[in-house]
Amino acid sequence: MYLGKTVVDLVCGGISHLRPRLKNKITAIRSRPPAQLQAALGLQSKKAIDLDIVTKKIKWLIPEHLLRNAIFIVLAIFTSLIGFSLCVTYLNNFGAGIVCIAAVILIFIQIFTYATTKDRREINNQLPAVARIFGSVMEDTGSFRLALDAVADRSPEPARSLFIKITQMLDHGIESDKAFEEIPKAAGTGYATLLKDLMLDAYKYGTIVLPRFTRLAGQIDTMQELQNENTPDVAASRFTAIILHIGIIIMAFLTVRIAPDAKKYLTDDPIGKIIVTAIFLSVVIGIIADRLWGDVSD
């Protein structure tokens with residue numbers, strides 16, 4: 001009885017203590033101006049983390065479209081957690097488990113990036129033709145809309161679908177800046193941004209900008225020739241690196257499983273644990289280096 005009375009007294013005391021604070025909080029919430037007024041007065045509180053800024057900062061490592069790919073997210077998280085569990089269970093190495101999570105996620109990034117950017121690569125290859133079609137039709141007709149329709153009609157897929165979408169956006173009254181933003185969003189390169197800017201200039205200023213379309217097409221052709229020369233070697237090296245990275249992880253577990261003497265050294269000795277962690281870390285460093293310097297940039 002005494003214990004029950006003590007608990008009740010504590011609860012009542014806590015409620016009495018918190019009631020004034022809660023009342024003041026409710027009053028403050030009710031007295032807040034509407035969200036629109038807060039924005040106009042500059043009173044809106046800043047978010048602790050702006051996801052858009054974070055996404056832009058890490059897109060060199062994790063492409064933005066992968067962050068919206070449910071299959072990638074599920075597979076990467078599930079597989080990395082399995083790797084972490086195996087590191088802790090079989091290798092008795094928590095540090096290697098943490099590095100293994102990063103390594104597995106990065107391996108999936110490499111695989112999914114190549115698999116999901118086929119349309120983007122094709123659009124980039126079609127940009128010179130798009131620029132030439134648009135420039136020649138607008139030069140002949142003087143009509144921006146006829147030139148844009150010609151691009152949508154004559155371009156192969158996936159550029160055709162992209163420019164059909166842009167023409168539909170313009171038909172529905174969407175601002176030209178927002179409509180043409182679909183070009184760099186679909187292609188993801190600097191030259192796509194230049195093409196977007198040129199089309200906006202043609203939309204606003206007419207035929208005065210037409211010579212720039214021919215120059216841009218020539219610049220893109222030059223860059224693509226360089227990319228095409230390097231792509232086979234880069235693709236082969238990247239595929240080999242992925243296989244080696246996966247093989248390193250598998251060999252670390254097989255060594256512990258098959259060789260008892262090696263197991264004791266790699267799982268119990270501090271130097272052995274450092275070696276195992278360094279093996280996983282080499283995978284992370286290799287993939288990050290490939291993401292930074294592995295592609296020919298425009």
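The model is predicted: local features need pLDDT of at least 70, side-chain atom pairs count only at pLDDT 80 or more, and totals for chains, interfaces and linings use all residues. Residues are numbered from 1 along each chain as its sequence is written, and side-chain values use heavy atoms, with hydrogens and water left out.

Colleague: How many helices and strands does the chain have?
Modeller: Helices (H or I, at least four residues) and strands (E, at least two) are DSSP runs, numbered from the N terminus. From that end, the elements run α-α-α-α-α-α-α-α-α-α-α-α-α-α. The count is 14 helices and 0 strands.

Colleague: What share of the residues is buried?
Modeller: Buried means under 20% relative accessible area, exposed over 50%, and partly exposed in between, with a 1.4 Å probe and protein chains only. The chain has 298 residues. Buried residues make up 33%.

Colleague: Is the pair of Phe-84 and Phe-94 stacked or edge-to-face?
Modeller: Rings of Phe, Tyr and Trp (its six-membered ring) pair if their centres lie within 6.5 Å; planes under 30 degrees apart count as stacked, over 60 as edge-to-face and the rest as tilted. Here the centres are 5.5 Å apart and the planes stand at 80 degrees, so the pair is edge-to-face.

Colleague: Which helices does that pair link?
Modeller: The two residues are 10 apart in the chain. Phe-94, at a relative accessible area of 55%, is exposed. Phe-84 is in helix H4 (residues 70-89), and Phe-94 is in helix H5 (residues 94-116).

Colleague: How far apart in sequence are the parts that Phe-144 and Phe-180 tie together?
Modeller: Their rings form an edge-to-face pair, 5.9 Å centre to centre with 75 degrees between the planes. Both are buried: Phe-144 has a relative accessible area of 11%, and Phe-180 has 0%. Phe-144 lies in helix H7 (residues 144-154) and Phe-180 in helix H9 (residues 176-180), so the parts tied together are 36 residues apart.

Colleague: Which residues do ring pairs link into a cluster with Phe-144 and Phe-180?
Modeller: The structure holds 7 aromatic pairs. Ring pairs join Phe-144 and Phe-180 in a cluster with Phe-134, Tyr-203 and Phe-213.

Colleague: Are H6 and H8 roughly parallel or roughly perpendicular?
Modeller: Axes are lines fitted to C-alpha atoms, for helices over the stretch in contact, and angles run from 0 to 180 degrees between N-to-C directions. Angles under 35 degrees count as roughly parallel, over 145 as roughly antiparallel, 65 to 115 as roughly perpendicular and the rest as oblique. Helix H6 (residues 118-141) and helix H8 (residues 159-171) pack at about 65 degrees, with axes 10 Å apart. That makes H6 and H8 roughly perpendicular.

Colleague: Which residues make the contact of H6 and H8?
Modeller: Contact means heavy atoms within 4.5 Å. H6 gives Ile-123, Gln-126 and Val-130; H8 gives Ala-159, Leu-162 and Phe-163.

Colleague: Where is the loop residue Asn-92, and what is its phi?
Modeller: Most residues other than glycine have a negative phi, and most peptide bonds are trans. Asn-92 is partly exposed, at 41% relative accessibility. Asn-92 lies in the loop between H4 and H5, with a positive phi of about 55 degrees.

Colleague: What is the omega of the peptide bond from Glu-157 to Pro-158?
Modeller: Pro-158 sits in the loop between H7 and H8. The bond is cis, with omega near 5 degrees.
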